[in-house]
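Student: I would like a close look at one part of this protein, the metal site. Please take me through it, and then show me what lies around it in the rest of the chain.

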Amino acid sequence: MNITLTKQNPVLLETECLMVAIFENGLLSPAAQLIDQATDGAIKKLIAQGDFTGEMSQIITLYHLPNLKAKRLVLVGFGAQDKLTPALFVKAAQTAFSALVKLPAKNAACFFSEIALDTTDEAARVRFLSQLAEIANNKFDQFKSQKSDKTYLLADLQLAATHDNPIAIAQGKAVANGVNLARLLANMPCNVCTPTYLAEQAIKLSHELTNVSVQVLEKEQLIELKMGCLLAVGQGSAHSPKLIEIHYQGAAAEQTPVVLVGKGITFDTGGISLKSPAGMEDMKFDMAGAASVLGTIKSIAELKLPINVIGLIPTAENMPDGNAYRPGDILTSMSGQTIEVNNTDAEGRLILCDALTYAARFNPHTVIDIATLTGAIVMSLGYLFNGIFSNQNTLAHELIVAGQKSQDLAWHMPLVEEYNEGLKSHYADMTNSCKLAGAITAACFLSRFTKAYRWAHIDCAGSAMPSDMNKAGGATGRPVPLLVEYLINVSTR
Ligand code: MN
Ligand code: ZN
């Protein structure tokens with residue numbers, strides 16, 4: 001989509017679709033006021049007769065209004081003006097753009113950026129709108145024999161702005177491209193998206209982008225590296241496990257990299273500790289962390305951020321099989337620490353622990369792992385917040401601030417010594433799971449492999465997955481916006 005800025009009067013703008021904001025209690029945004037005056041009070045009449053109240057996410061489309069050059073006028077409710085927050089602004093804009101892309105309009109002009117909003121400037125609003133429009137304009141219909149009509153996709157979008165904001169548009173589009181890639185990969189069915197497929201997509205990405213290179217470590221190399229946990233999780237599958245290593249070099253080689261480690265379980269049956277059938281199809285999303293790493297690399301490479309980032313994706317399929325690993329097995333991780341498996345469904349932390357040990361060789365500035373790790377984080381935080389765990393409070397704080405700025409929200413969860421109690425094993429150095437405080441004990445497990453560096457763990461089992469409410473929307477592509485924001489901050493330090 002081509003996104004440009006306009007300073008024109010909305011009344012005079014020739015477009016297929018004008019979008020303006022209306023607040024509760026009959027308060028009109030500046031663009032809505034101009035349109036109302038030019039159209040003999042068309043908007044105020046609508047409000048007076050009770051057809052439009054301006055409540056959050058209310059939408060109405062008007063056609064061929066007198067004295068208006070635009071073919072359609074879409075009024076969008078932004079709720080109470082004095083209660084508007086960045087989160088509500090994003091919510092209203094999301095609803096508006098998903099309605100817009102269902103209209104047979106190829107171009108549109110949106111005036112939401114003129115809305116004054118505390119803690120955001122015009123550039124931030126232009127960036128959000130560019131990002132949200134690109135995300136809404138993306139359809140996942142690869143597996144429909146009848147394709148949805150692509151001609152309805154929006155080709156041109158104008159955003160009202162008083163200043164030139166070229167960086168804001170570029171950043172919004174880059175984040176959206178990363179989010180859309182992460183959504184595409186996560187939505188792929190597990191008979192297509194295997195460890196091999198993920199590796200191929202990483203290689204494809206390296207060909208499309210500059211300064212990106214990939215190497216894929218195959219089973220033989222994992223054996224040489226003694227990655228006993230990653231190998232064990234993958235041994236019940238017909239598809240061999242792999243470690244995908246993707247390098248983005250945007251700064252001098254001596255600058256220490258940020259390492260992103262993404263959980264890439266392409267399908268999680270639970271293994272011998274088999275999951276119940278209800279909702280098991282959603283376990284294709286168990287590689288959403290890996291997808292967010294590839295999406296983030298795409299975004300930052302498009303933005304040419306002056307930073308070095310390494311993505312590590314341990315990938316495997318967790319299947320029950322005659323050769324599958326079992327509860328009771330004792331595994332030796334790459335770190336040398338031994339693990340008694342008490343639940344084969346706690347496989348994510350096993351593939352991550354070997355990748356986290358491997359990460360130390362890059363002398364990292366920071367390591368962040370991203371994983372749909374536990375159902376317990378969904379019980380704790382639902383679908384709204386990413387769960388953040390860290391061995392340094394300053395890092396957790398930086399990630400939470402990045403989450404607020406990008407509206408990809410995150411919550412700081414506790415990571416203290418006491419919770420390690422639950423991982424005690426009679427036979428090995430630790431067990432791999434503990435039901436009590438499941439999200440926290442999972443993080444405690446990972447923390448035993450990350451002592452050498454500054455580390456954070458993002459549990460995105462809620463945030464990356466389709467929530468009950470919008471399951472039709474599929475994967476969310478989170479936490480790509482948070483990660484890109486964080487990396488922008490690191491790169492400008
Ligand atoms: Mn599992
Ligand atoms: Zn899993």
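Tutor: Along the chain, the donors of the zinc ion (ligand 2) follow the spacing K-x4-D-x17-D-x60-E. Keep in mind that this is a predicted model. The letters stand for K263, D268, D286 and E347. K263 gives its NZ atom, D268 and D286 each give an OD atom, and E347 gives an OE atom. These protein donors lie 2.0 to 2.5 Å from the zinc ion (ligand 2).

What is the geometry of the site? The angles among the four donor atoms run from 87 to 177°, and the site is irregular. A tetrahedral site would need all angles between 85 and 135 degrees.

D286 is in the loop between β10 (264-268) and α9 (288-302), while E347 is in the loop between β13 and α10 (348-359), so the pair ties together parts that are 61 residues apart in sequence. Are D286 and E347 buried or exposed? Both are buried.

The zinc ion (ligand 2) has a metal partner. D268 bridges the zinc ion (ligand 2) and the manganese ion (ligand 1). The two ions lie 2.9 Å apart.

Follow β13 next. Strand β13 covers residues 338-340 and is joined to β17 by two bridges, with the strands running parallel. I339 has M430 in β17 as its bridge partner. Both strands belong to an open sheet of three, in the order β12-β13-β17, with mixed pairing. Its edge strands are β12 (330-332) and β17 (430-431), each pairing on one side only.

From the sheet, turn to the nonpolar cores. The largest has 65 residues, and Y248, L260, L294, Y486 and L487 touch the most other members. Take L294 from that list. Beyond its neighbours within four places in sequence, L294 is in contact with L181, L185, L198, A202, L205, I246 and I313. Another core, of 54 residues, lies apart from the largest one; among its members are I339, L352, L356 and L373.

Charged pairs come next. The structure holds 15 salt bridges. In one of them, R127 meets E485 at 2.7 Å, N to O. R127 is in helix α4 (residues 122-136) and E485 in helix α14 (residues 480-491), so this pair links parts of the chain 358 residues apart. R127 is buried, with a relative accessible area of 11%. E485 is also buried, at 2%. K405 joins R127 and E485 in a network of salt bridges.

A second pair is D408 with R478, whose closest N and O atoms are 2.5 Å apart. D408 is in the loop between α12 (393-406) and β16 (410-412), and R478 is in the loop between β18 (455-459) and α14; the two are 70 residues apart. D408 is buried at 1%, and R478 is buried at 15%.

K45 counts as partly exposed, at 48%.

Notes. Residues numbered from 1 in each chain as written. Chains lettered and ligands numbered in written order. Predicted model: local features only at pLDDT ≥ 70, side-chain atom pairs only at ≥ 80, totals over all residues. Heavy atoms only, no water. Pairing = 2+ DSSP bridges. Helix = DSSP H or I, 4+ residues; strand = E, 2+ residues; numbered from the N terminus. Donors = N, O, S within 2.8 Å, 3.2 Å for Na, K, Ca; no water. Tetrahedral: all angles 85-135°; square planar, octahedral: opposite > 155°, others 65-115°. Buried < 20%, exposed > 50% of the residue type's maximum accessible area, 1.4 Å probe, protein only. Core = buried A, V, L, I, M, F, W, Y, C linked by side-chain atoms within 4.5 Å. Contact = heavy atoms within 4.5 Å. Salt bridge = Lys/Arg side-chain N within 4 Å of Asp/Glu carboxyl O.
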